[in-house]
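Visitor: I have a structure open and would like to go through it with you. Could we take the charged pairs, the surface and the strands in turn?

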Amino acid sequence: MVRGLPPATALRGRAAAAVRWCTCRRVAFAVCLGNLVAALLVARALYAPGTFASAPRRGEVKYSKEQMRWVEESIRIRRAAEPVELIEAVKELRKAFEREAKRRKELPLELKQKVSHEILQRLRDLGENRNTTQQREAIESWRVEMLKSIRSSSTHNLSNFGLTSEESRILKRALEFNWRMLLEHIGLWIPPTVYHIEHDDKLENELEEEEIIPGPPLPPECNAELHTDYGGTAVRWGLTHHKESAADCCQACIDQAKRAKPGALRCNIWVYCPSEYGCYSPDKYEHKHQECWLKQADHPKLNFKDRYSEPYRDSHPTAPVVVPWMSGVISP
């Protein structure tokens, strides 16, 4: 046995102790400690000032001085191209619209009812059978009178009218600026007056254009008259009696007078519709193109000549301006 060397049993004890120290727990602890140290080193490299901090991050772009100058120039051009005057005008319009919206503040329902009652009473006082111009003038006079009353009356007098100071202020604004809208809100509408004026653009010595009558020429004994409608007793109804032309209609009248039996009505008036669109008549029938009426009258009288009068057209809205018929009285 050599001096200084431990016995074999002592070496075996030390080895067993070392094995017990290297257990799984201690191995896991050592691994976690190593990971923590590595994480601290990475965090220090990322956030501490140094080489990594000065490097561009992901997504960042480095521009050169020339590129920065181009960017600044584009910003300057864009700002110079802004429609400053238009923007200011839009702002002013918005302010004007806001002021107009305040002006157009609707009247309370109770105040509308008061106004409508006053206007209706003024129209009743005006009486019936009044035209729209007179009604409009009456309502306008009420508006002027009410404005004068509101401007000249004190708070005590306004209470006599049944108006508070706030209601009088709102009503004054409506009468001054929103009169038509106020009338619409209370449901009052008066149709405008339409003036119909016919202008004669013909020169004094200008000859009227001669109308062309389709068909063969009419013989002199027909005495044809354009835009004329003679009255008389019907010998042959035109609703079922059509002729190709005015000459044929006149000849039919002459032939009927020749063939009439003694004591029967003999035609001496013919009335023809030359218009392709039909001819107007105040009766209930629809008179069509080429109608030929045969009539008899001892003393022929005109129903209509040239134009229908204004009073007649007022009472007969469907009547045209010009008489569409043509007719004549047969010479004996």
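Predicted model: local features only at pLDDT ≥ 70, side-chain atom pairs only at ≥ 80, totals over all residues.

Visitor: How many salt bridges are found in the whole structure?

Guide: The search finds 7 salt bridges, each being a side-chain nitrogen of Lys or Arg within 4 Å of a carboxyl oxygen of Asp or Glu. One of them joins Arg 69 and Glu 66, at 2.4 Å from N to O.

Visitor: Where do Arg 69 and Glu 66 lie?

Guide: Both are in helix α4 (residues 65-80), 3 residues apart, about one turn of the helix. Helices here are DSSP runs of H or I with at least four residues, and strands are runs of E with at least two, numbered from the N terminus.

Visitor: And Glu 310, which residue does it form a salt bridge with?

Guide: Its partner is Arg 313, with the closest N and O atoms 2.6 Å apart. Arg 313 is buried, at 16% relative accessible area, whereas Glu 310 is partly exposed, at 37%. Buried means under 20% relative accessible area, exposed over 50%, and partly exposed in between, using a 1.4 Å probe and protein chains only.

Visitor: Changing topic: which residues form the nonpolar patch on the surface?

Guide: Phe 29, Leu 33, Leu 36, Val 37, Leu 40 and Leu 41 form that patch, with about 630 Å² of accessible area together. Such areas come from the Shrake-Rupley method with a 1.4 Å probe, and for residues only the protein chains shown count as cover. Patch residues have over 30% relative accessible area and no salt bridge; like charges are joined within 9 Å, and nonpolar side chains (Val, Leu, Ile, Met, Phe, Trp, Tyr) within 5 Å.

Visitor: Is Phe 29 buried or exposed?

Guide: Phe 29 is exposed, at 59%, and belongs to helix α2 (residues 24-47).

Visitor: Now the strands. How many bridges join β4 to β7?

Guide: Strand β4 (residues 269-272) pairs with β7 over 4 bridges, in the antiparallel sense; pairing requires that DSSP finds at least two bridges between two strands. Ile 269 stands opposite Val 329 in β7.

Visitor: What about β1?

Guide: Strand β1 (residues 224-225) runs antiparallel to β7, joined by 2 bridges. Glu 225 has Ser 327 as its bridge partner in β7.

Definitions and conventions: Residues numbered from 1 in each chain as written. Heavy atoms only, no water.
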